[in-house]
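Colleague: I am new to this structure and would be grateful for a guided account. May I ask on what grounds each term is applied?

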Amino acid sequence: MADASLLRDSRLDALGRLAAPLGRFAALLTIALALFAAVLVLFGRNPLRAYADIFSSTLGSAYGVSETLVKMTPLILTALAAAVPSRIWLINVGGEGQLFVGALCATWAAIHLDGLPSFLLLTIMAALGFLGGGLWAAIAGGLRAGGWVSETISTLLMNYVAILLVNFLVFGPWKDPDGVNYPQTVEFAAGAILPMLGGTRVHLGLVFALVATIVCAFLLARTRWGLEVRAIGGNAEAARRNGIPIERYVLVTMLIGGGLAGLAGMAEVSAIQGRLRPSLSPGYGYSGFLISWMAGGHPAGIVAAAFVLAVITAGGDILQMTQALPGSVVNILMAVVLFVVLARQAGRP
Amino acid sequence: MNTPPPLLTLRGITKSFPGVLANDRVDLDVHRGEVHAIVGENGAGKSTLMKILYGFHRPDAGEIELDGRPIRLDTPHAARRCGIGMVFQELVQVPALTVVENIALFLPDLPVVVDGAAIATRIRETAERYGLAVPPAAPLWQLSVGEQQRVEIVKLLLADARILILDEPTRSLAPHEVDGLFRIFANLRRDGYAIVFIAHKLREVLACADRVTVLRRGVVAGSLRRDEATAAMLVSLMFGALVAEPVPRATTTARPGTAPILQLERVSVPPLGHGPGLAEIDLAIRPHEILGVAGVAGNGQRELGDVILGLEPCRRGTKFLGGEDATRWPVAKMRAHGVVFIPEDARRLAAVGGLTVLENLALGDTRRYARAGGFAIDWDAARADLDRALERLGVSIASPDRPIDALSGGNVQRVILARELARDPRLIVAFYPMRGLDVRSAMAARALLLRARDAGAGVLLISEDLDELFALSDRLIVLFRGRIVGSGVPAPPGGRPGELALDEVGYLMTGAERRARG
Amino acid sequence: MAPLIRSLLSGSIVSGTPLLYATLAELLSERAGVVNLGLEGVMLVGAVVGFIATVHTGSATAGLVAAGLAGGLFNLVFAFVVVSRRANQLAAGLTLMFCGVGLSALMGARYVGSQIVGLPELRVPLLADLPILGPALFVHDALVYAAVPVAAGAWWVLFRTRWGLSVRAVGENPVAAFAAGKDPRMVHYQVLFLAGVLGGVAGAHLSLAVARTWAEWMTAGRGFIAVALVIFSRWHPLRALAGALLFGGAISLQLQMQALGVPLSPFLLDMLPYVLSLAVLAVWGGRARHAVPASLGRVFQGTQ
């Protein structure tokens, strides 16, 4: 009897724990939308039309939803890229660069190994994308572990290097000779394209992203390494004194995080672009970082926040067309959402 | 009896924090030219009372009068305007700034453009008058704790404070520095300053205070003039019925012939940051032995502990553990070979706040509980170990699945002690293990260390408290600026050659010459 | 050879000037213990507001004033979030950057391709006629000439005035500053406003003197380079001068080599400032640790 009531209480508790933040989140979103509306009014645009455009184009149709899911895929992966290192207080702002390097490495395989059977080729592309992004991030990890450069600064700077590297290749050695003057590589062979799900542009990358989220959550909660990571995150000094090799975890978490961003780059280049272009990402890496912050690194929260930002990002493309607004205007909406969330989370580290 | 009215009067001061009544209707009178000591057990409400006086906390009830006029002390700023200044336990100074800049920051009449030379002159004048030697141009981090404290006092004097509050001013001072501080008190008293200080050592209180107020659980247990007070009276006021049971004097069971567990040969660590590093350290710890390390904080104790644990590489020299060359072993390997660590502040250095008690236990040795190659953790085994370890200590923890944060500081320390001692250590590195513990917990921790020693462990006990070191150590070394400047068996004054007397250790700790034996 | 040296030197100075103002902006904030990764956004807002004001008033001076004010006000948004709401500085900084990118794009959309006269070049009499050095050093706009006095002024304010003392004290140990009767939050607001003004001016120099046009995200990461330069200069305004010149040189070198037709991809040359930043940080980083304002360390370790 006592047990039963206890059980019910705890279930109610769990429900309450879930409902309260959801309600809070909805309230914050409303404030943010109102603030962005004010900005639009200030610049002589009609915010209601803008919102109508955003929501009808993203959530108003099956196609819209599928496009939102397409945007969500790289956002989840780049959010994990920031969330995994953030567990030990590393600040990986380099998701953008890691995504580009991942795309670059996957492209190398797609161009040079195009004779391989599709399954094998895609596996190699994914592995190279992961490794490329991971090692790119591990450079920053190494600089941090050795006590030379804060990873915040190094990952930021390396974003520019990675993007310039891709530019160099697509304008130079990898340029498609038949592409007139477009800076892009040759189109990938069919075997290098990730399978799509049911006639939409939603691709296998979404499965990667969801599986990666679950695997990360499992590793963190259940395994020895997860326990050690949580210990470093909770109290690095105590962890060090308990013999946990912090430098190694700095490298490994950066490697995994960067690898996931690299995987996002591989998925984009393979499924969405079909070739390597400099316009590969509208800042997915940065958005991912902010998603991870909004969600506090929590897996379910990452998926939810990625969905919100996917709606905003997908909506941005529409605003560009229907309202003649510059595409980066959605950055304001995103920033306003984040400011409201950050201001609300007062005092959280 | 014609006593002048008090300078400062507190009546009925009450302050509660969630779950604690820190001060309960406290009355206090402070006179001009009086050195007033506040004593009491940890958690008796001394610090809270001082912080109320300095405007850091606002009392829930009660009145404060200065020269018979009621005043409100809502902010430190308000307190300073009333001429009340405080020297904190953790000195609130800016290490990167110079002495002049630190003091300038505090001056109420500082002009928009700072004239460093003029301030330096003022500092020198005040310092000379009261015997407060400080180097004005040095950045603060280069100064010793004693010097930093003097800077704080100069600062208050230049800012026209009439009432100086000091929170445990003698805590990290060597004996002769304490004497110096008391001489400064005497000089200040002569000029009519009032001094209120928190103290832990009754010997010091009786040496310099004009009046002693005892707090117990937030209430004034008594307030005595110096000529009325005796150590025994103060103890009974502080602890009530509890009579401090003397810890039996340690008697070593180590046989000189046995091979040492740990041996350092000419180990050196270069100075890093603010620390002095270590120079040519030779030492050995045998089973059944407590080796005490005396020294003023910051003379290489942290480096010594870290080198032994493997946290800091020895740049030169060799380290042997149980006869094996362990010079390059990382922490994990040292721990796997039976070295454990008891920190000064378990919450900061050993426990991970967000994790549960059980997870914290598993952290002591994650490999031991890992299953399926690390993909799973055997929580049942961990739980059984925790129960066994706690039982051995005679403690019980209500729920091991709650975050360790939810436990009190003493209980965190106990869980960590249980975790570390449960691993049947060969070598215990104890780093100020009793600091911050109240008398009861400290006595329990001492007994545990002795029990571990008797079970065959070697113990390195690093402490600032000479009384404690003399009560526990089988042998003693003294560290000064990273060197061992003295070693021997602790002994009462006038002992045989090869033995160290208390006052002698005090001098060695501060780099003074070893006095000639009479 | 002479024209190459002249244009390289002149180019370093012109490219280094916005970097210097941005670096001083970041340096001030960091001296007070606040890392502002949003400087990029502040610069963009300054650049676009300065440009728009110049288009409408025809006066680049008016544009400069508007840019400074806009930068200062925009940075107060950041100040509110991190000071009053105590949000994480790094996340708030990045958010500010996004906000600045979007806001400047929205404001500047109608002005892409507009023409302005920009900040006039002032010839220093006599000195400008010196061979090589004359045209390289003494034919510049007013902001270039002001760079050295502004850096020296920043040093004087930080190290010789009461306000500078409280800024440094707040950055090192806010509790101590509070105990000394300073209000750390007020100091933070003042510093962040001033840093915003400097950041706005830095952006305006790009749009009014260097490019003389407006383009979306025209700062191209200079705000982040400034963050690196602050570490390079070990939080000292005068060393920031040297750093800004060095990095201006790297940018200028790339332009010169392109102009000379050196057969090297411009994209590889473009990496130079970023790679140089990293290399310099890696070499200096270990040694600079002691100069870090103490409360900044906590930001990077996430305990604040």
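Colleague: What makes Val201(C) count as buried?

Modeller: A residue is buried if 20 or more other C-beta atoms, placed from the backbone, lie within 10 Å of its own, exposed if 12 or fewer, and partly exposed in between. Val201(C) has 29 C-beta neighbours inside 10 Å, and therefore counts as buried. This is a predicted model, in which local features need pLDDT of at least 70 and side-chain atom pairs count only at pLDDT 80 or more, while totals for chains, interfaces and linings use all residues. Residues are numbered from 1 along each chain as its sequence is written, and chains are lettered from A and ligands numbered from 1 in the order in which they are written.

Colleague: Where is Val201(C) placed, and which residues does Val201(C) touch?

Modeller: Val201(C) belongs to helix α9 (residues 184–210) of chain C; helices (H or I, at least four residues) and strands (E, at least two) are DSSP runs, numbered from the N terminus. Two residues are in contact if their C-beta atoms, placed from the backbone, lie within 7 Å. Setting aside residues up to four places away in sequence, Val201(C) touches Tyr21(C), Gly46(C), Leu64(C), Ala67(C), Gly68(C) and Gly71(C). Val49(C) is 152 residues from Val201(C) in sequence, with 10 Å between their C-alpha atoms.

Colleague: Why is Ala284(B) called partly exposed?

Modeller: Ala284(B) has 16 C-beta neighbours inside 10 Å, and so counts as partly exposed. The residue lies in strand β12 (residues 278–285) of chain B. Apart from residues up to four places away in sequence, Ala284(B) touches Pro260(B), Leu262(B) and Gln263(B).

Colleague: What makes up the largest nonpolar core?

Modeller: A nonpolar core is a set of buried Ala, Val, Leu, Ile, Met, Phe, Trp, Tyr and Cys residues joined through C-beta atoms within 7 Å. The largest one has 379 residues, and those with the most contacts inside it are Leu80(A), Ile165(B), Leu461(B) and Val478(B). Beyond neighbours within four places in sequence, the contacts of Leu80(A) include Ala212(A), Cys216(A) and Ile302(A).

Colleague: How are the residues of the side of chain A that touches chain C classed?

Modeller: Ala, Val, Leu, Ile, Met, Phe, Trp, Tyr, Cys and Pro count as nonpolar, Asp, Glu, Lys and Arg as charged, and the others, Gly among them, as polar. The contact takes 42 residues from chain A and 42 residues from chain C. α6(A) gives the most to the side of chain A, with 11 residues. By class, that side has 32 nonpolar, 10 polar and no charged residues.

Colleague: Which residues of chain B have pLDDT below 50?

Modeller: pLDDT is the predictor's confidence in each residue, from 0 to 100. Chain B averages a pLDDT of 82, and 89% of the residues score at least 70. Residues 242–248 of chain B are among those with pLDDT below 50, and pLDDT also stays under 50 over residues 513–518 of chain B. Where pLDDT is low, the predicted coordinates should not be read in detail.
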